[in-house]
Amino acid sequence: MIKRGTILLAAFLAVSSAFVSDANAEPTPHHGSATIRAVTAQPEVVSAPGDVTCSTTGSTIDRTSSCLHGKLDISFYEEPSHTYVGYSEINWTSHVRLDPRNRHEWIDEVTLTQTATNVPASKIGEATVSEICASCKSIGGPTQVLTVGATKTYHLTIDSPGTATVTDAQVPHLRFIAPTFTPVDSDLGPKMNVRCDNTPQMSPVKDGGCVYPDIKPTYNISVTGPYDQVAWHIDWAQKNLKHHWGWEGHGPALTRTWDESLKKRNRRTACPDSIPRPSGKTCDEYPFASTYQGASLNPDFSCHMVPKEQNSNEGNYRQRWYYANRLLEREGFWVKVTDIPASARAQAMRPLAQCP
């Protein structure tokens, strides 16, 4: 009985010794090195409201969303001779959807597709994606194996903690490891500023919201929509006023004001009570009274009589648009009149009332 116990104890000590030896062993050294080169398409600013369409054929960005795509070229080398042994190509997209009504939860959906490789180790390479930023917090982006031809998706949920107004440069970041080769890292696209705030004048105050502050949004208004007479007035004003206010490529942007007393002065200057109002119509001014280019600060303005209901509803609609784009005090924006028939482009519509 003692002899058997001695044998078992010796076996246990041998296994324990081997375990300790493995635990203290140096990690497997990298036999090769790798380098990575990123090719990124610059995004085109689009004026269409809402979420941009994400594809691999064009990079686009608006006030609250973006879609970027690019390519990563990885080169592998045998060391210490630094002999080139092969490559891997990875295509990626990053689809960001900021939430203008919630600063604590927005999405960056990243896809990676290994399109080609001639290095066996790269066929079982592992990729991790994380969001790089100064003050945000993100979760998601687990490590996944990239196989040739398969698209892997990383769903990153991002939070801007606190309530202070912060502008944070952010970008998704890739780390790729092929066995026996050194890891490689690369940002997926350029860093882009994201601004989050809980400004009391905006809605909702409790949750705040986030936008791309470097993008001037465009307020679209159609001559075939429910505010067609307001749209035609803006079209005339942009084409005939000296400074072509708000018309991108032709004049300066408009800048929003929260100053209620200034708005009232702008309206009284552009549309004084002395101007007769036809039945069922009210006086509409451009540039808008809610901007620093309004009539009390700017003699280059226009007024026009439009249906009363249209005038009121368009103002409410534009107020909601201000909120949706989180336009803060003195932030700029463009105004675009859409759906103008080709036959009408050369016509100069005259105002129905002469501004003073």
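**Close-up 1. Cys196 and Cys210 are both buried.** The model is predicted. The two cysteines form a disulfide, with sulfur atoms 2.1 Å apart. The torsion about the S-S bond is 110 degrees, and the link of Cys196 and Cys210 is right-handed. This pair links distant parts of the chain, 14 residues apart. Cys196 sits in strand 13 (residues 192-197). Cys210 sits in strand 14 (residues 209-211).

**Close-up 2. Cys271 and Cys283 form a disulfide.** Their sulfur atoms lie 2.0 Å apart. Cys271 belongs to the loop between helix 3 (260-270) and strand 17 (281-286), and Cys283 to strand 17, so the pair ties together parts 12 residues apart in sequence. The S-S torsion of Cys271 and Cys283 is about -70 degrees, so this disulfide is left-handed. Cys271 has 9% relative accessibility and counts as buried. Cys283, at 11%, also counts as buried; the cut-off for buried is under 20%.

**Close-up 3. Cys133 and Cys136 form a disulfide.** The sulfur atoms of this pair are 1.7 Å apart. The torsion about the S-S bond of Cys133 and Cys136 is about -85 degrees, so the disulfide is left-handed.

**Close-up 4. The model has three disulfides.** Each counted pair has its sulfur atoms within 2.5 Å. The pairs are Cys133 with Cys136, Cys196 with Cys210, and Cys271 with Cys283. A disulfide is a covalent bond between the sulfur atoms of two cysteines.

Technical notes: Residues numbered from 1 in each chain as written. Predicted model: local features only at pLDDT ≥ 70, side-chain atom pairs only at ≥ 80, totals over all residues. Heavy atoms only, no water. Helix = DSSP H or I, 4+ residues; strand = E, 2+ residues; numbered from the N terminus. Buried < 20%, exposed > 50% of the residue type's maximum accessible area, 1.4 Å probe, protein only.
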